[in-house]
Amino acid sequence: MADLYAVMGNPIAHSKSPAIHRLFAKQTGNDIHYQAILVDTENFPEAIHSFIEKGGKGLNITVPFKQSAFEMADNLSEEARLAGAVNTLSINTDGTLRGDNTDGSGLITDLANNLGIKLSAMRILILGAGGAVRGILLPLIQQEPHSITIVNRTVQRAEELALAFHDHFSISACGYENLAGQTYGLIINATSASLTGKLPPLANNILADSGYCYDLAYADKPTSFVKWGLNQNARIATDGLGMLVEQAAESFYIWYGVRPDTKNVIASLR
Ligand code: ATR
């Protein structure tokens, strides 16, 4: 019988995870049944229990349940613990839940391996200070960049994040009005603005010559942040489709112990 896996979220119809995992399974010769499950926002624990009862082996968790999954996990990876969020649940044979967060490593693999961006000594600017940022900070810090600045509309949230990671790295926090005159080699958009066609108030000329723009969000058309990056003459301005595939590959590795080849999968989804 095929192994039972799923992605849970709300909304979920748009999710590319089933397609990605089916491609991985085909490629690695694993028999996998991977569904997308729409979960009522009030019923996440019930949905998890019912999935376990059906013999489910693993889950990807997406918006808005990553924090609830964190709370339900019986044990956590260091990444998940610091992120305060879980995107990968593995159901152990005794029914306990292991929580991982592969978003950050997915981002690093896409930036470093797929796009060839050297992160050490990089001046990194992150737009936004929500849950998505918490999930990527530790893996970014581990690349030993020159600096990390978090800019947010609500400056206090950026300051809180800087404080939370204080033991690992000295992160700067500021508001958008403080960016003028600074330059960054890599700007990562982690605000939810991009998908609604909006853009944070970014000064011109903050992207260094031959700098990179990376949007954690992805869409069929260029996001407003990707368009901004192209207008600023970014060397590369891309959305987060590669990160999506890479975080899925990392989940697949946790479940099956094999690393699928991601390049063809990214290309076929494009
Ligand atoms: P997530 O968990 O996906 O990160 P979130 O916690 O709701 O979602 O965070 C969304 C982020 O996008 C926040 O940093 C938010 O800024 P505030 O903290 O000031 O609310 C940011 N954001 C959303 N819309 C924005 C906009 N139009 N301009 C600038 N920032 C925006």
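Predicted model: local features only at pLDDT ≥ 70, side-chain atom pairs only at ≥ 80, totals over all residues.
Local features were considered at pLDDT of at least 70 and side-chain atom pairs at pLDDT 80 or more, while totals for chains, interfaces and linings use all residues. Residues are numbered from 1 along each chain as its sequence is written, and side-chain values use heavy atoms, without hydrogens and water.

The chain is divided into domain 1 (3–101 + 243–269) and domain 2 (117–239), with bounds from an automatic or database domain assignment. Their C-alpha centres lie 26 Å apart. Eight residues of domain 1 are in contact with 10 residues of domain 2 (contact: heavy atoms within 4.5 Å). The two domains bury about 870 Å² between them, 65% of it on carbon and sulfur atoms. Buried area here is the accessible area (1.4 Å probe) lost when the two parts are put together, summed over both. Leu82, Ala83 and Met243 supply 58% of the area that domain 1 buries against domain 2, more than any other three residues.

Seven salt bridges were found (a side-chain nitrogen of Lys or Arg within 4 Å of a carboxyl oxygen of Asp or Glu). The count between domain 1 and domain 2 is one. Lys57 lies in the loop between helix H2 (44–53) and strand S3 (58–61) and Asp3 in strand S1, so the pair ties together parts 54 residues apart in sequence. Helices (H or I, at least four residues) and strands (E, at least two) are DSSP runs, numbered from the N terminus. Asp3 is buried, at 19% relative accessible area; Lys57 is partly exposed, at 39%. Buried means under 20%, exposed over 50%, and partly exposed in between (1.4 Å probe, protein chains only). Another salt bridge joins Glu78 and Arg81, at 3.1 Å between the closest N and O atoms. Both residues lie in helix H4 (residues 78–83), about one turn apart.

Six aromatic pairs were found in the whole structure. Rings of Phe, Tyr and Trp (its six-membered ring) pair if their centres lie within 6.5 Å; planes under 30 degrees apart are stacked, over 60 edge-to-face, the rest tilted. The rings of Tyr5 and Tyr256 have centres 5.6 Å apart and planes at 45°, so this pair is tilted. Tyr5 in strand S1 (residues 3–9) and Tyr256 in helix H9 (residues 241–256) are 251 residues apart. Both are buried. Tyr5, Phe24, Phe252, Trp255 and Tyr256 form one aromatic cluster.
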